[in-house]
Amino acid sequence: MVRLQIKTLGGVQISLGSEGIKFHRNKSLALLIYLAVTGELTPRETLATLFWPETAQDRAFANLSKAIWE
């Protein structure tokens with residue numbers, strides 16, 4: 001089984017096995033770290049509001065979908 005590693009001290013480093021993973025969007029990276037740290041299921045509505053609080057709900061859901069896809 002390939003292991004996902006997330007290191008956040010001294011800069012963020014994400015790796016899957018021996019391959020480093022780079023993110024093009026900071027919110028995609030933040031979303032992954034948030035979900036890994038909380039370790040619990042979080043409704044899409046909650047994530048959309050948390051990461052895009054000043055955005056209309058339909059746009060926030062679209063942004064969340066893009067972040068999840070990345």
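**Packing of helix α3 in a predicted model**

The buried residues of α3 pack against α1 (26–38) and α2, where buried means under 20% relative accessible area, exposed over 50% and partly exposed in between (1.4 Å probe, protein chains only), and contact means heavy atoms within 4.5 Å. The structure is a predicted model, in which local features need pLDDT of at least 70, side-chain atom pairs count only at pLDDT 80 or more, and totals for chains, interfaces and linings use all residues. Residues are numbered from 1 along each chain as its sequence is written, and side-chain values use heavy atoms, with hydrogens and water left out.

The chain has three helices and three strands, in the order β-β-β-α-α-α along the sequence. Helices (H or I, at least four residues) and strands (E, at least two) are DSSP runs, numbered from the N terminus. The C-alpha trace spans about 40 × 25 × 25 Å along its principal axes. Of the 70 residues in the chain, 21% are buried. Among contacts between residues at least 6 apart in sequence, 24% join residues at least 24 apart.

The buried residues of α3 are A60, N63, L64 and A67. Viewed down the helix axis, these buried residues fall within an arc of 100 degrees, so they line one face of α3; the arc is that of the directions from the helix axis to the C-beta atoms. On the other side of α3, D58 and W69 are exposed.

The largest nonpolar core has eight residues, namely L31, L47, A48, F51, W52, A60, L64 and A67. Such a core is a set of buried Ala, Val, Leu, Ile, Met, Phe, Trp, Tyr and Cys residues joined through side-chain atoms within 4.5 Å. Two or more of the core residues come from each of α2 (44–51) and α3 (57–69).

Leaving aside residues up to four places away in sequence, A67 touches S28, L31 and W52. S28 lies in helix α1 and, at 3% relative accessibility, counts as buried.
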